[in-house]
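Hi,

Here is the structure I promised to pass on.

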Amino acid sequence: AFFATGDEAGLERHLGVLWMQDEVMLQERADDLLFCDPQTGEVHTLALRLNVAATGGCHRAESGYAQVGAGAHRPAAGSQGGRCRPIDEVLPHLVPRGGGRPVAMDTGAWEVVLGAAEKAARLFEGLMLVGLDLVLAVGESGEPVPVFLEANPRPAGLGHSRFVQGPERGLPGVSLCLWDGLERLAPGAGGGGKG
């Protein structure tokens, strides 16, 4: 749920219900960029899932998908009526919250996002695949900047994933690096596996 500044009563009611069920996580809203559907003109919240594979000390953001919210005021989550879409379908249609000119996610900006995901994944030593959830803020120069929300050691939604870089970009898939790393760990592969 999203709450506007000044809606302390609504927030308090919502938290009261949630605390009776489980733990609660509160975050400041950081999703400055939304998805504007080119067919309808409707604006939706947006979160990205990037799958980062680790192999041989190298991390590579290889695949992912976009989670598009049911509207501009609903979280970008399946439980809130959101839906998954290929990242390449949403990146050309980014608009700032509150209106304004579209924001371009050019190749350089996308490489910065992927590099930040690869750097963030290094925090999770021993995981060969981690799903990183992020939203996009607007940097000082007006460029898209990733804001990481959480890491998932057993990422769901892999069936929605498409490659996000390289010659495979746009094709369905999760990771090519992961298989190389697993092969090196296999017994008799010369990669450190025990026979």
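The lining of the largest cavity has, by class, 4 nonpolar, 2 polar and 2 charged residues; here Ala, Val, Leu, Ile, Met, Phe, Trp, Tyr, Cys and Pro count as nonpolar, Asp, Glu, Lys and Arg as charged, and the others, Gly among them, as polar. The residues that line this cavity are Gly 64, Pro 86, Ile 87, Asp 88, Arg 162, Phe 163, Val 164 and Gly 170. At least two residues of the lining come from each of H2 and E9. The space in the largest cavity is about 30 Å³, and a search of the whole structure finds 1 cavity of 30 Å³ or more.

Before going on, please keep in mind that this is a predicted model, where local features need pLDDT of at least 70, side-chain atom pairs count only at pLDDT 80 or more, and totals for chains, interfaces and linings use all residues. Residues are numbered from 1 along each chain as its sequence is written, and side-chain values use heavy atoms, with hydrogens and water left out.

A few words on terms. On a 1 Å grid over the protein atoms alone, a cavity is a set of points where a 1.4 Å probe fits but cannot get out, while a pocket is an open set with protein on both sides within 12 Å along at least five of seven lines; lining residues have an atom within 4 Å of a point. Grid points are joined across faces, edges and corners, and a volume is the space filled by probe spheres set on the points. Helices (H or I, at least four residues) and strands (E, at least two) are DSSP runs, numbered from the N terminus.

Now the second largest pocket: it holds about 160 Å³ of space. Of the 13 residues lining the second largest pocket, Ala 54, Gly 57, His 59, Gly 126 and Leu 127 lie nearest its centre. E3 and E4 are the elements that give two or more residues to this lining, which by class has 6 nonpolar, 5 polar and 2 charged residues.

What about the core? Beyond its neighbours within four places in sequence, Leu 50 is in contact (heavy atoms within 4.5 Å) with residues including Ile 87, Trp 110, Leu 134 and Val 164.

Asp 31 is buried, at a relative accessible area of 6%, whereas Arg 97 is partly exposed at 30%; buried means under 20% relative accessible area, exposed over 50%, and partly exposed in between (1.4 Å probe, protein chains only).

Finally, Asp 37, Arg 83, Arg 85 and Glu 89 are linked in a network of salt bridges.

Best wishes

Conventions. A salt bridge is a side-chain nitrogen of Lys or Arg within 4 Å of a carboxyl oxygen of Asp or Glu.
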